[in-house]
Amino acid sequence: MLTCLALPFAGWWLVFRPLPDRDGVVKFLQLGDSAVVNFDGRGVPYIRAGNEPDLYMVQGYVVASDRLFQMDILRRTAKGELAEVFGPQAIASDKLMRTIGFNRLAHDQKQTLSPTVAKAASAYCQGVNKFIADNYDKLPIEFVLLGYKPKIWQAEDTLAIMKYLDYIQDESWRLDDLRQRVLDRLGAELASDLFGDSWSSTPTPQMAEKANSIAYLTDALPKLAKDSYLHYAPHPNIGSSVWAIASDRTDTHGALLACDKHNKLTKPDLWYIASLSSPGLHVAGATIPGVPGILVGRNEFISWGTTALKADVQDLFLEEFSQQFSDKYRTKNGWKTAFEITEVIPVRFAKSREHKVLITEHGPVLLKNQASAVSLAWTGSWARPAALETFYQINRAQTVGDCQLALEAYAGSPMNFLFADKQGSVASQAAGVIPVRDKGGQGTLLVSGAGEVGQWGSTIPYKSLPQITNPKQRFLVSANQKLVSQSYPWLLGHQFLPPYRAWRAFSLIGQNGRRANSAPIGLPDVNEIQGDMQAPLFELVRAELHQAVEENHIIDKNVLSALNLLDHWDGQLRAESPEAAIYESFIYTLGHRIIETKLGSNLTAEYFQNWPMWVCFVEHYMHAKQDKWLPKEERTYSAFLITSFTEAMKNLRLACNANEPEKWDWKNLHKVSFQNAINQGLNWPSRVFNLMPLGVGGDDNCLNALSCDYGTSKDLFACTYGPDMRLLVDMSDPDKFYQSLACGQSGQLLSAHEQDEINAWLRVDPMPVAFSAKQIEHQSEHKLILVNRI
């Protein structure tokens, strides 16, 4: 009987007791004056304070109340401290993080913060630590289940998180390693086809001399990547879409801005929405938990969104080490001494581990044997101002010019910033530190550390980076595509995402789309564009299959039935569409069969996982029909299409357990699971903390970009990445402002706002954020008052 009575109380104690108060009065003696936080119906905080330090202090307090466990996992990931919580299984990940040195980079950056930004960061830390101190005996349930308490929050934690998130957006060294191994296996001609580049198959003398050592190291690099134990991990699909439309093209005569950020779909979301107001400052939008201010959003004068530039800012250098003197390595100017650092990694349930890090002039050494090593060069490891400085200035910008001036010092992950201002103008500005490689180096393959070619010299001047203001077509689109023409004199990179999303947005907004009569465009139209799911190759696939059926006199009922569905399909990859499943299965099967015969199964899987442009290769193959890529067992291109189509349908029949194509709904194959970081240490509570699999539409290459992780899990087309935050702004009206997340504002289990946005996310419904004082009061459902006196 007592046990029965105790269980509900224990449940309350563990789950409901940690939920934060959203009404009432909080004593906050560190504040300079009282502050007020209004919360709307989905938990968005509207913070008003009498001065900026108080504003950031309250922001830290409120964000921690919703996302403390997530914040702790983010900083532990970046600083290489996961093993302290999860034990020996996280050591490999911590070693990689300590090798790259986010903890060291954050420490160095803290010393360079300007007084105003340092004061803001310090105030934010005070707010987080106030929440930890006040709730030390009623922390979120994840801390209880994992049996540990969070440390105090420091400015280095914020800077380490920002630096790590830069890294996962920048990471390209795995792609360099993959290119090298594909080139070694296939030779220059075929490898160039697969990656859309032109290479020489002749190694440099230095590379040829070390061939055996290089083979050992490059074979080990993929394992190093797989060993990482990260909830927020690098992925080539991390990006976003942004478009801005000038006021003379809109129905309200105000400039419009739309942005959706693409990240791993987790629970809670990576983003957090907030409104911040103090004398002289009013800004609202989304930030990362642990980071003060706003990273994507609007103020009274301007709105902005960002998308990854996909510039190549990482290279792998092959270093030659002396066999007699283990710390000496060869450079083009002679022998140098590698700098050694010893990192101590605390490990739960085991002794702390010492991890030695070697650093060459190129960067930290990822792998080493007796005579050779691979080091990582990354512009993010250079001594530059923190990106927090730039966003601090953008939050206060009144003109596009103010933003461009702030971006001149921006040293975060290279991004394309799009702006829409109150005067009706739109602009884009690429920003970030991008290396210039010597002697025509391209940065696509491993580079000899002692050679002349590919060494990093200067950087691309800021004024030479792509910039556009009020273009002739009166709108701008950025979707991780290549932004520059062949005549552009600088090398930005090679790992751009496929151009299909950008082309589709241009088509829908511009003169060739559904607005061919140049009718004004409004927020409902822009919202519809965000949810567009058109398959970019559906017309080509349909035409090629028809031709193949005719040439091979196919009478198979299953083939003809599936093709008949494609004939009546509009190309939209809707969740309930069997045509979408047929299209996706065929594209993947065709590409896989072409490439696997050349690369083998393991290297083919890596290619699909790490090279998003593979679909462009498949498109080119269907246009060019080159015999050199035709599998040996196939007689003709058209016969190959039919056998691939047949195999694709066989896979669908097995996956859907149905013979009829009409029953192959895309949502039954394309599912997303929003996972919580607690699963890294505890598998059993996944059903409690995760959002169970949901069927979704789309794919990587449509505007509603929901990834397909082809063959990387037990699910045939699992979705793990997509738009986790969407933004819509009409600068004609402060309250025509919409921003939403995938799950919700809170990371607290059983909070009302833990997953209350998921249905709106599935429907791509915009959700309002108040900006004017009147609307804030209208949308407010709760009020928390923070006072500095008893």
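On a 1 Å grid over the protein atoms alone, a cavity is a set of points where a 1.4 Å probe fits but cannot get out. The model is predicted: local features need pLDDT of at least 70, side-chain atom pairs count only at pLDDT 80 or more, and totals for chains, interfaces and linings use all residues. Residues are numbered from 1 along each chain as its sequence is written, and side-chain values use heavy atoms, with hydrogens and water left out.

**View 1. The largest cavity is lined by 22 residues.** Twelve cavities of 30 Å³ or more occur in the structure. The volume of the largest is about 330 Å³, a volume being the space filled by probe spheres set on grid points joined across faces, edges and corners. Lining residues have an atom within 4 Å of a point. Nearest the centre of this cavity lie Leu-165, Asp-166, Gln-169, Trp-271 and Leu-295. Helix α8 (155-170) gives the most to the lining, five residues. At least two each come from α8, β5 (256-264) and α13 (387-394); helices (H or I, at least four residues) and strands (E, at least two) are DSSP runs, numbered from the N terminus. By class, 14 lining residues are nonpolar, six polar and two charged. Here Ala, Val, Leu, Ile, Met, Phe, Trp, Tyr, Cys and Pro count as nonpolar, Asp, Glu, Lys and Arg as charged, and the others, Gly among them, as polar.

**View 2. The second largest pocket holds about 850 Å³ of space.** A pocket is an open set of points with protein on both sides within 12 Å along at least five of seven lines. Its lining has 33 residues, and Phe-195, Gly-196, Asp-197, Lys-482 and His-494 are the closest to the centre. Helices α10 (188-195), α15 (500-509) and α21 (614-624) supply at least two residues each. The most come from α21, with four. The lining splits into 18 nonpolar, eleven polar and four charged residues.

**View 3. Helix α17 (residues 538-552) crosses helix α18 (residues 557-567) at roughly 145°.** The two axes come within 10 Å; axes are lines fitted to C-alpha atoms over the stretch in contact, with angles from 0 to 180 degrees between N-to-C directions. The crossing is left-handed: the near helix is turned anticlockwise from the far one by less than a right angle. From α17, Arg-542, Leu-545, His-546 and Val-549 meet Val-559, Leu-560, Leu-563, Leu-566 and Asp-567 of α18. Contact means heavy atoms within 4.5 Å. Six of the contact residues are nonpolar, one is polar and two are charged.

**View 4. Arg-98 and Glu-343 form a salt bridge.** Their closest N and O atoms are 3.0 Å apart. A salt bridge is a side-chain nitrogen of Lys or Arg within 4 Å of a carboxyl oxygen of Asp or Glu. The count comes to 36 salt bridges. Arg-98 sits in helix α4 (residues 91-100) and Glu-343 in strand β13 (residues 339-345), so this pair ties together parts 245 residues apart in sequence.

**View 5. A cis peptide bond joins Lys-267 and Pro-268.** Omega is about 5°. Pro-268 is in the loop between β5 and β6 (272-278). His-253 has a positive phi near 60°. This histidine, His-253, is in the loop between β4 (239-245) and β5. Most residues other than glycine have a negative phi, and most peptide bonds are trans.
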